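Please have the structure open as you read.

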Amino acid sequence: MIHVVTAAHNRYNITKRFVESLKKQTAEDIHLVFVDDGCTDGTPDLIRQEIQGASILHGNGNLWWGGALHLAYRWFRDNCIPAEDYVLITNDDTVFDENYIETGERLLRENPGIWPVGVGFGMQSGQIRDGLFWHDAKTGEGRLLGIGETGNCASTRSIFLRVGDWMKVGGMHPILLPHYASDFEFTIRAARKGFILQTFAELTCFFDESSTGVNEYDKMTLRKLFSKRSNSNPFYKITFIILSTPCRDLPGHLWHQAKRYVSKVGVFLKILKRKQ
């Protein structure tokens with residue numbers, strides 16, 4: 001069996017498109033684990049009506065992505081789901097072709113120890129915008145990788161693994177990293193435990209770029225900068241560095257990031273001044 005894990009908070013139309021894509025899959029024995037993070041728009045009812053046998057886990061609206069995946073991890077652990085079962089962790093704004101999950105299952109069977117990572121093309125740009133990365137532990141620099149490559153860091157927009165793998169790596173850090181970088185820290189941890197993250201030509205998907213958080217400086221405010229939706233939030237940046245960096249590399253990494261951050265803050269302050 002393969003368990004598809006996703007989460008949402010009041011994104012009815014986006015989640016509905018995801019459900020339609022899921023129902024078209026050629027793979028058999030698909031079980032949806034949906035984290036309802038306090039939806040008030042009828043999304044849980046949509047899941048119940050459209051996906052037979054789905055498990056719906058409930059949050060209070062403050063789980064965010066890291067908290068939602070950690071709740072799902074605890075559900076797998078507490079219900080003793082078989083270690084050999086497969087898992088696809090994916091965002092609900094992701095769309096894939098009808099044999100996508102079947103392909104992911106096959107790649108897991110054929111490549112023991114490898115976590116197949118979906119190559120994410122943006123719907124608006126048509127370019128590779130998400131998926132597998134290479135993360136430099138000494139500097140924090142990262143680069144997005146292409147098709148057929150291996151890396152040490154990945155988003156959880158679309159990633160296949162086994163239940164037993166997830167139990168070995170552990171859950172997320174929902175308090176320390178509630179949203180952005182929670183999946184990066186998780187996959188870096190997995191790579192250190194010996195799991196290989198790899199993309200494949202037959203495993204590509206598309207996602208809605210307009211549904212992501214606030215990342216552009218020209219749209220930034222101080223309130224947005226320190227929100228959970230900002231991938232530039234300094235508190236979570238520092239937390240990610242501490243959790244994902246080996247002790248021997250931590251001083252140099254923090255110094256390198258401090259210099260980068262001072263430069264970014266300077267640009268941000270200039271933009272705020274122009275807005276006034």
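Are tyrosine 100 and phenylalanine 160 buried or exposed? Both tyrosine 100 and phenylalanine 160 are buried, where buried means under 20% relative accessible area, exposed over 50% and partly exposed in between, with a 1.4 Å probe and protein chains only.

This is a predicted model, in which local features need pLDDT of at least 70, side-chain atom pairs count only at pLDDT 80 or more, and totals for chains, interfaces and linings use all residues. Residues are numbered from 1 along each chain as its sequence is written, and side-chain values use heavy atoms, with hydrogens and water left out.

The protein chain averages a pLDDT (the predictor's confidence in each residue, from 0 to 100) of 89, and 87% of the residues score at least 70. Over residues 214-218 the pLDDT stays under 50.

Helices (H or I, at least four residues) and strands (E, at least two) are DSSP runs, numbered from the N terminus. Helix 3 covers residues 64-78 and spans 21 Å from its first C-alpha to its last, close to the 21 Å expected at 1.5 Å a residue; the expected span is 1.5 Å times one less than the number of residues. Because 11 of its 15 residues are buried, helix 3 is largely enclosed by the rest of the structure. Its buried residues, including Trp65, Leu69 and Tyr73, pack against several elements, among them strand 1 (2-8), helix 5 (163-169) and helix 6 (182-192). Just after helix 3, cysteine 80 has a positive phi of about 50°.

Helix 6 is mostly covered too, with 8 of its 11 residues buried; Phe186 and Ile188 are among them. Glycine 194 follows helix 6 and has a positive phi near 105°.

**Aromatic pairs**

The structure holds 11 aromatic pairs, counted when ring centres of Phe, Tyr and Trp (its six-membered ring) lie within 6.5 Å; planes under 30 degrees apart are stacked, over 60 edge-to-face and the rest tilted.

Terms used. Contact = heavy atoms within 4.5 Å.
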